[in-house]
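Hi,

Here is the structure I said I would pass on.

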Amino acid sequence: TKHFPVRKRGREVLSRVTRMVQAVDDVSLTLRRGRVTALVGESGSGKSTVARLLAQLYPRTAGEVKLHGKPVTATSGKRFRAYSRQVQMIFQDPFASLNPVHTVRYHLTRALKIHNRAGASKEDLENALTGLLARVQLTPPERYIDKFPHELSGGQRQRVAIARALGADPEVLLADEPVSMLDVSIRLGVLNLLRDLKERLHLAILYITHDIASARYFADETMVMYAGRVVEGGDSETVTQQPAHPYTQLLIDSAPDPDQIAGYRTSEKDRGSGEPPSLINPPSGCRFHPRCPHVMERCKTDLPPRFDISDGHFAACWLYDKEKA
Ligand code: SF4
Ligand code: MG
């Protein structure tokens, strides 16, 4: 759970400074090695905040993060550095995450040195650099190693950002919209690369996206977030083919063509009908109730818990409450 204080913007908000944005509320998920878990939702649904909480970039309001079943408590020092080596983040905009005045060599060397090759010989380091570039299919390495970020394409930059993350020899990759700023024609290549890395390096990947079609293509498991809460989850095939939650159904209905992975939109603002609610004062009961075509009286007052639909597939929606049916 993460609640932020509302930023002071103009007089209107100043008079109510103690209000909080309920960005992430009671979200629980498990990442497993060798699997991609997608977290799907609209802009402002809290999915990036979840990634930042997992990376320990923000303090949590409540809840805990565990690695190998052990709670992670350190936010600085040696144990925190060990954690941040194991759990690496990849961001939406590779241009912003790479330093424009440094070459590919600098970025990758730094990652290798910080994390695990402090005392490596020059030759070992060079081999490691070549290996990293080969891992992300930037070959031959000498074509890329001394380039600056602006001399690379968007897709190449994202591959460098991925290589840098791999330099730490991580177990977990948190990928926040890793392809949504790339040209449609190269998105698939980057997703395929991540899938290949997942298998070869046995990584656990959290794939954050507003595009449910890409989750179906790329992720083993899919969780859908709405207004700071997870509303549905299960294996990707089931969630996308037999969506249970009315919000997931809306997401799928408003996708241009669920089978056309390369055709998805670049803007996450223009999909779905209706507006996501304010998280300063979220709707009571089910947060989706003002937009839901199946809304019932109890939805307006009672928060629906997770109901199991089939093995591993759940939805937080009163429609699946067997006892009331
Ligand atoms: Fe719709 Fe009610 Fe289900 Fe919420 S709990 S999604 S309002 S039917
Ligand atoms: Mg985001």
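Predicted model: local features only at pLDDT ≥ 70, side-chain atom pairs only at ≥ 80, totals over all residues.

Let me start with H202, which sits in the loop between α8 (184-201) and β8 (204-209); helices (H or I, at least four residues) and strands (E, at least two) are DSSP runs, numbered from the N terminus. Its phi is near 55°, a positive value in a residue other than glycine. H202 counts as partly exposed because its relative accessible area is 44% (buried is under 20%, exposed over 50%, partly exposed in between, with a 1.4 Å probe and protein chains only).

Residues are numbered from 1 along each chain as its sequence is written, chains are lettered from A and ligands numbered from 1 in the order in which they are written, and side-chain values use heavy atoms, with hydrogens and water left out.

Back to the backbone. D169, in the loop between α7 and β7, also has a positive phi, near 55°. For context, most residues other than glycine have a negative phi, and most peptide bonds are trans.

Now the ligand. Which residues surround ligand 1? They are H245, P246, C286, F288, H289, C292, H294, C299, P304, C317, W318 and L319, where near means a heavy atom within 4 Å. By class, that shell has 9 nonpolar, 3 polar and no charged residues (Ala, Val, Leu, Ile, Met, Phe, Trp, Tyr, Cys and Pro count as nonpolar, Asp, Glu, Lys and Arg as charged, and the others, Gly among them, as polar). C286 counts as buried because its relative accessibility is 12%, and C299 is buried too, at 8%. Despite the cysteines here, a search of the whole structure finds 0 disulfides (pairs of cysteine sulfur atoms within 2.5 Å).

Ligand 1 takes up the space of the largest cavity (a molecule sits in a cavity or pocket if more than half of its atoms lie within 2 Å of its grid points). On a 1 Å grid over the protein atoms alone, a cavity is a set of points where a 1.4 Å probe fits but cannot get out; a pocket is an open set with protein on both sides within 12 Å along at least five of seven lines, and lining residues have an atom within 4 Å of a point. The largest cavity has a volume of about 100 Å³ (points are joined across faces, edges and corners, and the volume is the space filled by probe spheres set on them). Of its 14 lining residues, P246, C286, C292, C299 and C317 are the closest to the centre.

The largest pocket has a volume of about 700 Å³. It is lined by 28 residues, with L29, T30, L54, V65 and K66 nearest its centre. α2 (47-54), β4 (66-67) and β7 (172-176) each supply at least two lining residues, and α2 gives the most, with 3. The lining of the largest pocket has 15 nonpolar, 6 polar and 7 charged residues.

Last, A161 is in helix α7 (residues 154-167) and counts as buried because its relative accessibility is 6%.

Cheers
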